[in-house]
Amino acid sequence: MSIITTIPEIGGLKARLKETWMAGNYDLFSRYMEQDARAFYERLDVPAGCQLLDVACGSGQLALWAARDGIKVTGVDIAPNLVQRAQVRANAEGLNARFMEGDAEALPFEDAGFDVVTSLIGAMFAPRPEVVARELLRVCSPGGTLAMGNWTPEGFVGQMFKTFAMFIAPSGMPAPVLWGDEAVVRERLGNGISDLAMKRRHYTFTYPFPPAEVVKFFRQYYGPTNRAFASLDTNAARKLREELEALWLMHNRGGDEITVVPAEYLEVIAVRA
């Protein structure tokens, strides 16, 4: 696979990524993922008084938990509609949190400005992972914590990506799920860290409706799925829907009327050198 490197190519790809993440309604979509985001945040045991940066924050599913805990929070995301929604939510609760549009490959912050830098199922989707790794480390203070949660190639979402790949041409960027491979993470963070702990955990997709309805939910509200279906003709879209329904049904542990599917991700907790 060729890697996109020139400025015009990167600019075009990022414009498409921005459009993708603005599509659907990620704020509504992410509400079903908030409890696992809370669990991820609580395992970090962030001390009071810390400055936390959440990169690719979406509409705040992790950042808002930290803000509710009294942590001073900043969130950035490539999609302006998502950070606007996150700010509305924070303001409504009177939380000490600010959200802004920003690129994980060019974070608009000074060096070593944050005690904790997080990215939960977020920065893994940026097109140049080595640039992302440098930026995450750059804005983290020495001795500070860098924490990521990244879908694994072997997990349910990795299998779902393979299903999409049967219908959608490759983007030219490295597979996002490589961030879910321990050896790749270790190589990307390199000498920028003094300690690294990785553990495979599960996000549990839980919906009060059956798998066929989950596929419709993803198609309507989750930007990448929304845009993928929109790019296909009627016949291909039908085949993709059938493949996804079969995948969700095969992994469902919730019975006929509800959907419960565990999705493996790699929890990465590093200490900035």
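These legends describe close-up views of a predicted model.

**View 1. Helix H8 and its buried face.**
Helix H8 covers residues 182-189. Its buried residues are Val 184, Val 185, Arg 188 and Leu 189. Seen down the helix axis, these residues fall within an arc of 120°, so they line one face of H8. An α-helix has 3.6 residues a turn, so residues three or four places apart point the same way. On the other side of H8, Ala 183 and Glu 187 are exposed.

**View 2. What H8 packs against.**

Asp 181 caps the N-terminal end of H8. One of its side-chain oxygens lies 3.0 Å from the backbone nitrogen of Ala 183. After H8 comes Gly 190. The phi of Gly 190 is positive, near 50°.

Glu 182 and Arg 200 meet through their side chains in a salt bridge, at 3.0 Å from N to O. Glu 182 belongs to helix H8 and Arg 200 to strand E6. The pair links distant parts of the chain, 18 residues apart. Glu 182 is partly exposed, with a relative accessible area of 27%. Arg 200 also counts as partly exposed, at 30%.

**View 3. Ser 59 in its loop.**
Ser 59 sits in the loop between strand E1 (51-55) and helix H4 (63-68). Its relative accessible area is 0%, so Ser 59 is buried. The side chain of Ser 59 makes a polar contact with the side chain of Asp 27, at 3.1 Å. Beyond its neighbours within four places in sequence, Ser 59 is in contact with several residues, among them Tyr 26, Ser 30, Leu 64 and Leu 82. Arg 85, Ala 86 and Arg 89 are also included in its contacts.

The model holds 20 salt bridges. Side chains of opposite charge can pair when their charged atoms come close. Glu 245 forms a salt bridge with Arg 241, and their closest N and O atoms are 3.2 Å apart. The two residues are four residues apart in helix H11 (residues 234-251), so about one helical turn separates them. Arg 241 counts as partly exposed, at 27% relative accessibility. Elsewhere, salt bridges that share partners join Asp 27, Arg 31, Glu 34, Arg 85 and Arg 89 into one network.

**View 4. Lys 14 and Glu 105.**
Lys 14 forms a salt bridge with Glu 105. Their closest N and O atoms are 2.7 Å apart. Lys 14 lies in helix H1 (residues 7-22). Glu 105 lies in the loop between strand E3 (97-101) and strand E4 (114-120). The pair links distant parts of the chain, 91 residues apart. Lys 14 has 15% relative accessibility, so it counts as buried. Glu 105 is buried too, with a relative accessible area of 6%.

**View 5. Cys 50 and Cys 140.**
The count of disulfides comes to zero. Cys 50 is in no disulfide. Its nearest cysteine sulfur, that of Cys 140, is 10 Å away. Cys 140 is likewise in no disulfide. Cys 50 counts as buried, at 12% relative accessibility. Cys 140 is buried, with a relative accessible area of 2%.

Key:
Residues are numbered from 1 along each chain as its sequence is written. This is a predicted model: local features need pLDDT of at least 70, side-chain atom pairs count only at pLDDT 80 or more; totals for chains, interfaces and linings use all residues. Side-chain values use heavy atoms; hydrogens and water are left out. Buried means under 20% relative accessible area, exposed over 50%, partly exposed in between (1.4 Å probe, protein chains only). The arc is that of the directions from the helix axis to the C-beta atoms. A polar contact is a pair of N or O atoms within 3.5 Å; within protein, one must be able to donate a hydrogen and the other to accept it, and residues adjacent in sequence count only if both atoms are side-chain atoms. Contact means heavy atoms within 4.5 Å. A disulfide is a pair of cysteine sulfur atoms within 2.5 Å. A salt bridge is a side-chain nitrogen of Lys or Arg within 4 Å of a carboxyl oxygen of Asp or Glu.
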